[in-house]
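Have the viewer open as you read.

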4 protein chains.
Amino acid sequence: MTAATTRPYPAGMTVLSPARDAFIRNSFARQSAMATIRASLHHLSPGQAEIHLPVWDGILQQVGFVHGGVVGMIADSAAGYAALTRAPEGAEVLTVEYKINMMAPATGTSLLARGRVIRAGRTLIVTTAEVLALSDTGQKTCAIMQQTIMVVPQG
Amino acid sequence: MTAATTRPYPAGMTVLSPARDAFIRNSFARQSAMATIRASLHHLSPGQAEIHLPVWDGILQQVGFVHGGVVGMIADSAAGYAALTRAPEGAEVLTVEYKINMMAPATGTSLLARGRVIRAGRTLIVTTAEVLALSDTGQKTCAIMQQTIMVVPQG
Amino acid sequence: MTAATTRPYPAGMTVLSPARDAFIRNSFARQSAMATIRASLHHLSPGQAEIHLPVWDGILQQVGFVHGGVVGMIADSAAGYAALTRAPEGAEVLTVEYKINMMAPATGTSLLARGRVIRAGRTLIVTTAEVLALSDTGQKTCAIMQQTIMVVPQG
Amino acid sequence: MTAATTRPYPAGMTVLSPARDAFIRNSFARQSAMATIRASLHHLSPGQAEIHLPVWDGILQQVGFVHGGVVGMIADSAAGYAALTRAPEGAEVLTVEYKINMMAPATGTSLLARGRVIRAGRTLIVTTAEVLALSDTGQKTCAIMQQTIMVVPQG
């Protein structure tokens with residue numbers, strides 16, 4: 001069964017090892033699509049990842065909000081990197097599918113996508129993400145996502 | 001097949017009026033996010049829209065395929081513009097949600113996202129899209145999407 | 001968990017009025033499908049609803065777990081009734097769509113589906129649900145769902 | 001369109017072997033949940049399966065339509081059995097996740113869920129389903145679904 005065998009975090013594993021943290025950040029740095037939209041990887045811990053995206057004039061749709069597809073991009077990536085923190089060393093992860101609900105216009109000064117692992121199985125990892133729109137006056141959840149990730153052993 | 005049962009277009013309505021075609025293409029032209037990833041709107045007819053994306057080095061993920069989020073962007077847009085062809089004059093459309101399955105690596109020389117309307121209601125429009133990866137040697141479906149669009153009457 | 005960011009309930013609105021509670025429970029009582037699978041509506045509060053389902057021999061799949069479609073039924077209903085608590089008086093709600101991930105075999109003595117509202121708009125309500133499998137030795141999340149509900153004003 | 005590009009069946013594989021057909025129908029017969037709602041498995045061929053459900057008074061929601069969760073049950077099963085036709089001998093299949101859009105009230109004399117395989121991989125199979133509402137006066141698509149199935153080798 002898919003997820004019956006979720007791996008509990010090893011005791012004390014509340015932060016990633018420096019090597020693991022570097023491995024994941026290096027993977028992100030090789031995603032040219034993230035650089036093109038100016039997204040960056042911030043917080044990273046076991047089962048969680050956050051991506052930050054400043055709102056700028058090259059990522060908008062026709063009425064001036066951030067394009068829903070761009071919102072999907074950072075949600076997909078944040079949840080995917082959250083999953084990678086739970087994959088075995090040397091493994092890659094691939095997005096099998098995701099479903100995202102847009103709940104409010106993505107506006108403000110920046111967006112923050114928070115991904116987290118709900119259950120990590122040996123082959124599949126189930127995650128969720130939420131995307132917050134940040135402005136000078138506060139924050140608002142503009143999208144929520146539910147995703148399935150596949151673990152791909154390497155070599 | 002899922003999409004075989006889409007409602008037939010009203011008799012005679014096999015092409016968009018020049019004014020409607022121009023309205024929709026103008027909307028697309030105002031999406032800076034589409035320009036940033038170098039996507040363009042091609043075929044447009046009642047209930048259908050196609051978006052073309054050349055594969056270039058600014059839209060990739062860490063192993064050199066087109067980023068899944070970018071695949072989602074063009075699928076979302078293609079289906080959204082398909083929906084706009086079926087919305088009343090003067091109305092805008094917004095993505096309520098979408099769900100996309102990645103089925104094969106998005107590689108090749110370009111991607112083609114084909115959106116189509118499955119059912120157009122007064123408030124909600126249900127669409128699907130598929131994304132084809134095109135190369136010198138053929139084509140391959142790399143993703144399928146199912147989406148809900150909301151019709152927003154304008155002032 | 002995704003739903004951690006749900007909008008707080010309006011101050012003071014921590015319980016439903018007796019009339020509203022009765023209206024919603026009466027709606028549930030008219031769902032013959034829920035009686036057929038032996039599901040019952042338990043906890044009900046603003047933005048939340050819980051459905052309980054004993055595991056019995058008429059709701060299984062081929063290897064003896066509760067059928068995934070039945071898991072989907074109670075998740076859909078729990079989230080739909082959570083949405084109904086946030087709809088205007090006299091309105092009905094309809095499921096637009098839902099997406100559910102099965103994470104572990106649905107086994108044990110009973111299932112508990114917990115639905116909650118993430119954002120309630122005038123026309124659409126976004127919800128999530130989780131389904132817990134309960135047994136003598138503990139509980140386990142066996143599915144999570146993300147759903148869109150439409151508010152239908154009544155004549 | 002979504003499903004037009006499904007992988008062609010291997011040459012000559014237009015019907016299931018009698019043994020394979022019997023194996024799959026036997027699996028369905030062991031699903032007590034399908035008997036409880038009175039669903040039956042009809043057409044079965046490589047990559048396709050159809051489930052029939054008479055409309056009766058034990059599967060309804062509060063306003064007299066077939067319960068959306070029941071619509072989801074037969075869509076999930078039809079697509080799952082379509083996937084099983086493409087799985088290796090001896091393997092089982094499990095639903096990883098599905099997403100369903102309800103497009104019209106499920107009413108009439110019976111429902112027909114048609115599942116089909118879009119892409120069959122070694123570990124995961126992507127499927128779609130549509131649910132038709134049949135009546136004396138015609139038929140109407142009332143739901144479409146997109147699903148991910150996992151192949152589970154046995155023994």
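In strand 4 of chain A, A:Leu111 is the bridge partner of A:Leu53. That bridge belongs to the pairing of strand 2 (residues 48-54) with strand 4 of chain A, which is antiparallel and runs over seven bridges. A few words on the terms: strands (E, at least two residues) and helices (H or I, at least four) are DSSP runs, numbered from the N terminus, and two strands pair if DSSP finds at least two bridges between them.

Before going on, a note on what you're looking at. This is a predicted model, so local features need pLDDT of at least 70 and side-chain atom pairs count only at pLDDT 80 or more, while totals for chains, interfaces and linings use all residues. Residues are numbered from 1 along each chain as its sequence is written, and chains are lettered from A and ligands numbered from 1 in the order in which they are written.

Back to strand 4 of chain A. It also pairs with strand 5 (residues 124-135) of chain A, again in the antiparallel sense, over 10 bridges, and A:Arg114 has A:Glu130 as its partner there. Strands 4 and 5 of chain A form a hairpin, with three residues between them. Nine of the 11 residues of strand 4 (residues 110-120) of chain A are buried, so this strand is largely enclosed by the rest of the structure. Buried here is 20 or more other C-beta atoms within 10 Å of the residue's own, exposed is 12 or fewer, and partly exposed is in between, with C-beta atoms placed from the backbone.

Now follow strand 3 of chain A. On one side, strand 3 pairs with strand 6 (residues 138-152) of chain A, antiparallel, over 10 bridges, with A:Glu92 opposite A:Val152. Strand 3 of chain A also pairs with strand 3 (residues 92-102) of chain B, antiparallel over five bridges, and here A:Lys99 has B:Lys99 as its bridge partner.

How do the two chains touch? 29 residues of chain A are in contact with 29 residues of chain B, where contact asks for C-beta atoms, placed from the backbone, within 7 Å. On chain A's side, helix 2 (32-37), helix 3 (68-84) and strand 3 (92-102) are the elements giving two or more residues. Strand 3 of chain A gives the most, with eight residues.

Note on methods:
Two residues are in contact if their C-beta atoms, placed from the backbone, lie within 7 Å.
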